[in-house]
Amino acid sequence: MMLRLWLAFLSLGLLYPYHVLSQYTGFAVSDMELLQYPWAGGLDACQFGSMDLDQDGKEDLIVFDRRGNRILCFMNEGGEGEISYRYEPRYAKCFPPLYDWMAIVDYDGDGRKDIFTYSPGWAGIRVFKNIGDSLPEFELVVSPYLTSFQGGGYVNIFSSNVDYPAIVDIDGDGDLDILTFWALGTFIELHTNRSMEKYGHADSLDFEKTDYCWGRIAEDEEDNTIFLDTCLFENTVRNIQDGFRHRGATLLVHDFTGNGLFDLLLADVDYPNLIFLQNGGTPDHALMVSQDTAFPAGTTPIHLFSMPFAAYIDVDNDGVKDLLVSPFDPNPYVTQNRNSVWLYLNKGTDTQPVFELYTKSFLQDQMIDVGSGAYPLLYDMNNDGRKDLIIGNFGRYVRSWYVGLTLHSEYLSTLTHYRQIEKEGEWMFERQTEDLGGLSALKLKGLVPAMADLDGDGLPDMLIGSENGKLIYLRQKEIDQWELVSDFFQGITVGSWSAPELFDVDDDGIVDLLVGSKNGKIAFYKGQQQNGEIQFVFQTDFFGEVNVTDYNFSYDGYSTPRMFQSPDDELMMVSGSEQGKLFLFDQIRNNLNGAFRERSEWEFVIDTNLSVINPGMRTAAWIGRLLEGETLQMVTGNFSGGLELYNAEIQVAPYLQEYSTPEVFLYPNPVSDRLFVKLDDEHTEIFAVMIYDQYGRRVMQLVSESRGMQEIQLAHLKSGMYIIQLITDHQPLTARFVKY
């Protein structure tokens, strides 16, 4: 049956109770090991800080993901030399709203760490003072921006949302100074804090620009080339080129060589590396004398798209600081998503570190993380009485390349399927596949699933939206056997980024179709039975007069509608949005031609106050009952690729079964007449072999039921390059060969 499925597919055209159970549940990578934070929401472009949140004497880890400005708190439970953290979402409420970047430092010397962050709309820095006692509590003390005395008066210290400044005591006088790029880029400015000199204490934040070109370096305005011993001539700027253009950068300042001088780690937008600049000057006058573009030396160098942010924090509790690295680029379409948090453990000292790469997915490999974007659906798709979890995504990172000096990245969208099963008396989710239906072959982005029985055979089928605005029809012929019927279902399109929902909204016993889209509105198609199948008839492209677009944030809405019944059987709708807000609507039943009412009171639906949490950006949500009972649960997804679970009063112990990707061996290659094909995994069964020419035309199709070596006769093929695709019991595999 699997063989018939794949042949049919290919023939069609290749403290504060949030009720978030992240810290209590897990997806296992083996029968003995559970993922620690499955519902933490994923990670993408992160910054890191440390703070003792629970006053136990240990520094806990604060993660700020700029994709949606999310704050995640991880409590340090490790012993000496041990990495052990517990996710605690309740502490996130202690933090104020932050935007684009954060720096956690104690600027006033009171032993409580404060926050410096970007000031939206001002290209400057806001400051929050920590006034808490048993719990952190923050007071806004500088807004809209920090100022510095320069040019005869106090003006804004420029810091954009693509710049991460260094906030450190450069002159060693006990107050914190600021290093940041000049507004037009190229040179680094030093703003010296005069608080100690003027007032004898560190809390006044009184700055003066004292250096126009700290370290005597200049960054090329076209790329990330660094010029040493360049730029200052009697406090005037010497142009390297005409016309400066600020690009964005991150700065980490620390003495990495043990000579008592501050060195610099520098990253530039669009580039994957950190540049280490060694200071060979004096304590009063920094002078960068050498640079290393493949930092850190002696291990795998950082190669992380794009513009890596680096934090120096003791992660493993050995008293020595380690290196955490993650993308800082505001562009959500260039990062390496599931491998975007690199941890280097330090085997040396703080001032003479020896770094070893520990992982490229710190924390996020213990979460549900399907790449960029997560669009959840829970539905009983095999009629066993339990809801499965199907997750669409924007895409998984494939590769990056440059066109000129501009970075581009490729993503490939798939559907991930988790089946709900019972194991040792507990309910859990078991991952079945990361490419349900083999939809990766369509090479699309933004797959969003919806499910219902569309052909009347008693088995649920799927409609899947995508970036092109059309709908894909995936029919379930038998349980877990899927057939691609159409990639332009019934000619329906909403322009771009279709997000379908299948639900009987008019109570006539026939499922209807709703489709969200990039424009933030929702289209409504009424379902009608015709010859045993459902046909959808267009009614309106402004269903309920709903538009989730926030024009102060973006011109796009990215609506993702899901229908559900409230605990008192009222028909309701939830929709995610580009800006991250989850919209809740009622007054729908018997009002399909009218305007729906937006609700802000979530407690009566899922017993959770959404005003105290931040689900991220480009959100989607599902609301319903996971198991028997009156209580509703909510699962939300966001652009960081993860999920959050709310109001789940049942114990959920998800289990994850990992499948490795076998490697394809072809020999000889180039080949004349006989090609031998073998996989490195003897347990993977090959069902069929397809061969395509360089234009994508299928030239051979073979049936196979083997786990061993395959011999293929190619004498009849013309000379040229070919692609071979193997249909296996796990996933399709491809490789290239040359016929001469």
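**Disulfides**

Find how many disulfides the chain holds, counting a pair of cysteine sulfur atoms within 2.5 Å, and check where Cys94 stands.

*Solution.* Start with the rule and apply it to the chain: the count comes to zero disulfides. Cys94 is accordingly in no disulfide, and its nearest cysteine sulfur, which belongs to Cys73, lies 7.3 Å away. Before going on, keep in mind that this is a predicted model, in which local features need pLDDT of at least 70 and side-chain atom pairs count only at pLDDT 80 or more, while totals for chains, interfaces and linings use all residues. Residues are numbered from 1 along each chain as its sequence is written, and side-chain values use heavy atoms, with hydrogens and water left out.

Next, look at burial, where buried means under 20% relative accessible area, exposed over 50%, and partly exposed in between (1.4 Å probe, protein chains only). Cys94 has a relative accessible area of 11%, so Cys94 is buried. Cys46 comes out at 0% and therefore counts as buried too.

**The whole chain**

*Solution.* Then turn to secondary structure, read as DSSP runs numbered from the N terminus (helices are H or I with at least four residues, strands are E with at least two).

**A four-stranded sheet**

In what order do the strands of the open sheet with β3 run, and which strands are at the edges?

*Solution.* Pairing comes before order: two strands pair if DSSP finds at least two bridges between them. The order is β3-β4-β5-β6, and the pairing is antiparallel. The edges are β3 (46-51) and β6 (85-87), each of which pairs on one side only. From one strand to the next, the twist averages 30°; axes here are lines fitted to C-alpha atoms (for helices over the stretch in contact), and angles run from 0 to 180 degrees between N-to-C directions. To zoom in on one pair, take β5 (residues 70-76), which is antiparallel to β6 over three bridges. There, Asn76 stands opposite Tyr85 in β6.

**Salt bridges**

Count the salt bridges, each being a side-chain nitrogen of Lys or Arg within 4 Å of a carboxyl oxygen of Asp or Glu, then ask of Arg67 and Asp44: buried or exposed?

*Solution.* A search of the whole structure finds 35 salt bridges. In one of them, Arg67 meets Asp44 at 2.7 Å, N to O. Arg67 sits in the loop between β4 (60-65) and β5, Asp44 in the loop between β2 (33-34) and β3, so this pair links distant parts of the chain, 23 residues apart. Both partners are buried: Arg67 has a relative accessible area of 2%, and Asp44 is at 0%.

Now try a second pair, Glu197 and Arg194, whose closest N and O atoms are 3.5 Å apart. Glu197 counts as partly exposed at 44%, as does Arg194 at 23%.

**Around β46**

Trace the strand β46: which strands does β46 bridge to, and which salt bridge does Lys581 form?

*Solution.* Begin with β45, which is antiparallel to β46 and joined to it by three bridges. Val574 has Leu584 as its bridge partner in β46. Six residues lie between the strands of this hairpin, and Gly580 takes a positive phi near 105°. On to β47: three bridges join β46 to β47, again antiparallel, and Phe585 has Glu598 as its bridge partner in β47. Along β46 itself, Phe583 and Phe585 point one way, Leu584 and Asp586 the other, and all are buried.

The salt bridge of Lys581 is with Glu598, at 2.8 Å, N to O. Lys581 lies in the loop between β45 (571-576) and β46 (583-586), and Glu598 in β47 (residues 597-599), so the pair ties together parts that are 17 residues apart in sequence. Lys581 is partly exposed at 40%, and Glu598 is partly exposed at 39%.

Key. Disulfide = S-S within 2.5 Å.
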